[in-house]
Amino acid sequence: EDGIEEDNTISFNLAAHIHPVSNIIADAGGGQTITPFSQSVDLILPADVTASGFYLTNLANFIIGNAASGGWAGYALPILHTPLGPHKDLNFRPGNRLTKVFDGNTAHSTGWWWTHAGAIYSGGSLYFTDTDPTLLEYNAGRDQSKGSRSPCLVDKCVTANNCGSYCYEGERAWFKLTNNKVFLTASPGLNSWSGRMEIIHFETHDV
């Protein structure tokens, strides 16, 4: 979960009856923003307030044919601007990595805890706080400072030695989701605050 995990295959799995590990759940009613959650003794990974069937901090993997039933979201795709754990000092931005394959996945009976969660949710940001570089904080809602993706055909971490360098028009890329299906959700079938997503053959019912 450090955000550096790539080229793995997660295929044809079932995640069902997912609930938060404590009574702390990310919810803001109808609002788009949620007060960030900080790491604590009772919440070692703040992102657990959005316990979901599949939790993907790096999209450069092969996510194929999985099914999610329940959870805060079926598929949570949080944005990390830097890696976590022992890799936190790497010059690398997980949130900008492009999908290898995200195809043929389904989700249903999810998104009950927050109206903007989405069966597939590309949003939320996980980061170390500015005041304490060892303390994790998770913003589950719409985060316009740390919650954006800027995938680029050119790896700015390498070419500019600055992962936050501007990606010009001819360099921009999109992460792709294909042939996915969601149904019976209490929130949007798919929600993204993060930008630059290409959606192909997406099927949705009763959302």
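How do the residues of the lining of the largest pocket divide into nonpolar, polar and charged? Point 1 takes this up.

This is a predicted model, in which local features need pLDDT of at least 70 and side-chain atom pairs count only at pLDDT 80 or more, while totals for chains, interfaces and linings use all residues. Residues are numbered from 1 along each chain as its sequence is written, and side-chain values use heavy atoms, with hydrogens and water left out.

1. Largest pocket. The lining divides into 11 nonpolar, seven polar and eight charged residues. Here Ala, Val, Leu, Ile, Met, Phe, Trp, Tyr, Cys and Pro count as nonpolar, Asp, Glu, Lys and Arg as charged, and the others, Gly among them, as polar. Of the 26 lining residues, N96, S150, P151, C152 and V154 lie nearest the pocket centre. The space in the pocket is about 390 Å³, a volume being the space filled by probe spheres set on grid points joined across faces, edges and corners. A pocket is an open set of points on a 1 Å grid over the protein atoms alone, where a 1.4 Å probe fits, with protein on both sides within 12 Å along at least five of seven lines; lining residues have an atom within 4 Å of a point.

2. Open sheet. Five strands (DSSP runs of E, at least two residues, numbered from the N terminus) pair in parallel in the order β2-β6-β9-β14-β17. Pairing requires at least two DSSP bridges between two strands. β2 (14-18) and β17 (203-205) are the edge strands; each has a single partner strand, so one side of each is left without a neighbour in the sheet. The parallel strands β2 and β6 (residues 67-70) are joined by four bridges, and L14 stands opposite A67 in β6.

3. Strand β11. In β11 (residues 125-128), S125 and Y127 point one way and L126 and F128 the other way, and all are buried (under 20% relative accessible area, 1.4 Å probe, protein chains only; exposed is over 50%, partly exposed in between). Four bridges join β11 to the antiparallel β12 (residues 136-139), where E137 stands opposite Y127.

4. N180. This residue sits in the loop between β13 (175-178) and β14 (181-183). N180 is buried, at a relative accessible area of 2%. The side chain of N180 reaches the backbone nitrogen of N105 at 2.9 Å, and a polar atom of that side chain lies 3.0 Å from the backbone oxygen of T178.

5. R97. The loop between β7 (75-76) and β8 (101-103) holds R97, which is partly exposed at 27% relative accessible area.

Note on methods. A polar contact is a pair of N or O atoms within 3.5 Å; within protein, one must be able to donate a hydrogen and the other to accept it, and residues adjacent in sequence count only if both atoms are side-chain atoms.
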